[in-house]
Amino acid sequence: MTDVTANPGLFLGQSNDGAAPQREILLWNRANRHGVIAGATGTGKTVTLQIMAQGFSEMGVPVFCADVKGDLSGISQVGTPNEKLLARAEGMGLTLTPKAAPTVFWDLYGQKGHPVRATVSEIGPLLMARMLDLNEVQEGVLTVAFHVADKEGLLLLDLDDLRSMLVYVAENAASIGREVGNVAPASIASIQRALLQLEQDGGDAFFGEPALKLTDMMRTSLDGRGQVNVLDSTRLMNSPRLYGAFLLWLMSELFEQLPEVGDPEKPKLVFFFDEAHLLFKDAPKPLLEKVEQVVRLIRSKGVGVYFITQNPADIPDSVLAQLGNRVQHALRAYTPADQRGLRAASESFRVNPAFDTKDAIQALGTGEALVSTLDEKGAPHVVARTLIRPPDSRLGPATDAERAAVMAASPVKGVYDTVADRESAEEILAARHAQAYAAAKQAAQSAPKAGRAPAAPKAPPTPKAPRKSNRQTPMEALTKSVLRTAGSTITRELLRGILGGLRR
């Protein structure tokens, strides 16, 4: 790990717009002011991301990044630079020292990395509605279901819990509606169908326990380097709403859990949000406002957020205004919409009199970029046409065998591999049904003695087949008992954060 005083910033590359070559540096103490990496497909965005991720790691800063194409996994392997890369490094006065970054692989589906899970309660109604692509009315009904669950102390851990909660709300729609408004059966049915679609898309693998702990993503290795967390998203990209909502949930968890630190000498964590347009595409205005709020405030928690997208125009102006450090790779303008995006990208930089920014963006070659970072006062530098430095780790993906070796040596090996299924809303509601059934059956049997016609009791729902689970500890049982008691006796709702997720 490098000392901040000896190395004040991350070396991105070298520009040559003036009389002498200049080193383009991203200052560590301004890295939490967020940033954007933009450019057309094949122009070098992933390599820039890899260089930045490994650079932060060398400084002892943990990193999270999504690998949407599979080639970012090469950061876990020692680089083998070719003659072209060695010549580029020599021209920059840079001595390449090929090495791998300390990497942990994650995967929502548990196939190419350690499983990543969160509970339905932690996700909250806002992001769940986003995952399910619900309309405004359906989102309101879903919010009612979460409200009732919180009020009664019913934990929603997985999709089965949420289904049971929706059935409970439908069966008690009259009494619930008197408190929070009408709950339409048609909306309940629509949500149930959306849950089925999410499950068929593989989304059910994400919901459950053990839930991800942020401390397992914010580790440093024994030599002081920050852990690089690579989320394999090659399959996840088939469910873009799930991808966007998951990364937004993770960002909001960082916001909720980390303490205020102001502007630290280096970030506590750097978060790379690839394919950022998926977060903002068709997002409702209330969600966009909350995203803007999280991006604006999370930097005081010491977290730098970097959006990677093809065109900065994919990011709303209110969010783009928060991104101070910018790396713009080449853009192609073939259509009127492309021309508008190109113009917006060029106008976002501080003008360099040595060249026309708009023309330069179109003329950039692979591995070149326009770079503008923040100075010590937080003001943007003049944009510079920059040759991006070569990486120390491998360009290209890790093999399956290499990935398996990294996972075998992982500090979280075995922590998340086995699903835990605690008692939660589904089991509690099933028990209530069973008690009500027993009481109704007993009343029906005694009814003829009093001269009344027996009423046929409603059978309780068939319990689901038991899943492989961890045995519940006494402390977990006590915790759940307290939660249920709190919900049923003092009707105090669980606390939720800025994006509706359950506060831990």
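Tutor: Let's start with Lys99, which is partly exposed at 29% relative accessibility, because that value falls between the 20% limit for buried and the 50% limit for exposed. Keep in mind that we're reading a predicted model here. The partner of Lys99 is Glu58: the two form a salt bridge whose closest N and O atoms are 3.1 Å apart. Glu58 sits in helix 1 (residues 45–58), while Lys99 is out in the loop between helix 2 (83–91) and strand 5 (103–107), so this bridge ties together parts 41 residues apart in sequence. Glu58 has a relative accessible area of 17%, so it counts as buried.

The story carries on with a second bridge, between Asp223 and Arg225, where the closest N and O atoms come to 2.9 Å. Asp223 is partly exposed, at 43% relative accessible area, whereas Arg225 is buried at 16%. Through salt bridges with shared partners, Glu58, Lys99, Asp223 and Arg225 are joined into one network.

A search of the whole structure turns up 17 salt bridges. One of them is the pair Asp133 and Arg241, with 3.3 Å from N to O. Asp133 belongs to the loop between helix 3 (120–132) and helix 4 (136–151), and Arg241 to helix 8, so here the pair ties together parts 108 residues apart. Arg241 itself is partly exposed, with a relative accessible area of 24%.

For contrast, have a look at Glu24, in strand 2 (residues 22–27). Glu24 is buried yet has no salt bridge, and the nearest side chain of opposite charge, Arg23, is 9.6 Å away. What does Glu24 contact, leaving aside its neighbours within four places in sequence? The contacts are Leu10, Phe11, Leu12, Gly13, Ser15, Val371, Ala384 and Thr386.

Charges turn up over rings too. Arg235 lies over the face of Tyr109, at 3.8 Å from the ring centre, and Lys301 over the face of Phe255, at 4.4 Å.

While we're on rings, the count of aromatic pairs comes to 13. Take Tyr243 and Phe273: their ring centres are 6.3 Å apart and the planes meet at 90°, so this pair is edge-to-face. Tyr243 is in helix 8 (residues 240–257) and Phe273 in strand 8 (residues 269–273), so to speak a link between distant parts of the chain, 30 residues apart. Both Tyr243 and Phe273 are buried. They also belong to one aromatic cluster, together with Phe64, Phe271, Phe280 and Phe307.

Strand 8 takes us into the sheet. Five bridges join strand 8 to strand 9 (residues 303–309), and the two run parallel. Along that pairing, Val270 stands opposite Gly304 in strand 9. The whole thing is an open sheet of 12 strands with mixed pairing, in the order 2-1-12-11-10-3-9-8-4-7-5-6. At the edges are strand 2 and strand 6 (114–115), each pairing on one side only.

Terms used
Residues numbered from 1 in each chain as written. Predicted model: local features only at pLDDT ≥ 70, side-chain atom pairs only at ≥ 80, totals over all residues. Heavy atoms only, no water. Phe/Tyr/Trp six-rings, centres within 6.5 Å; stacked < 30°, edge-to-face > 60°. Helix = DSSP H or I, 4+ residues; strand = E, 2+ residues; numbered from the N terminus. Buried < 20%, exposed > 50% of the residue type's maximum accessible area, 1.4 Å probe, protein only. Lys NZ or Arg CZ within 6 Å of the ring centre and 35° of its normal. Lys, Arg positive; Asp, Glu negative; His and termini not counted. Salt bridge = Lys/Arg side-chain N within 4 Å of Asp/Glu carboxyl O. Contact = heavy atoms within 4.5 Å. Pairing = 2+ DSSP bridges.
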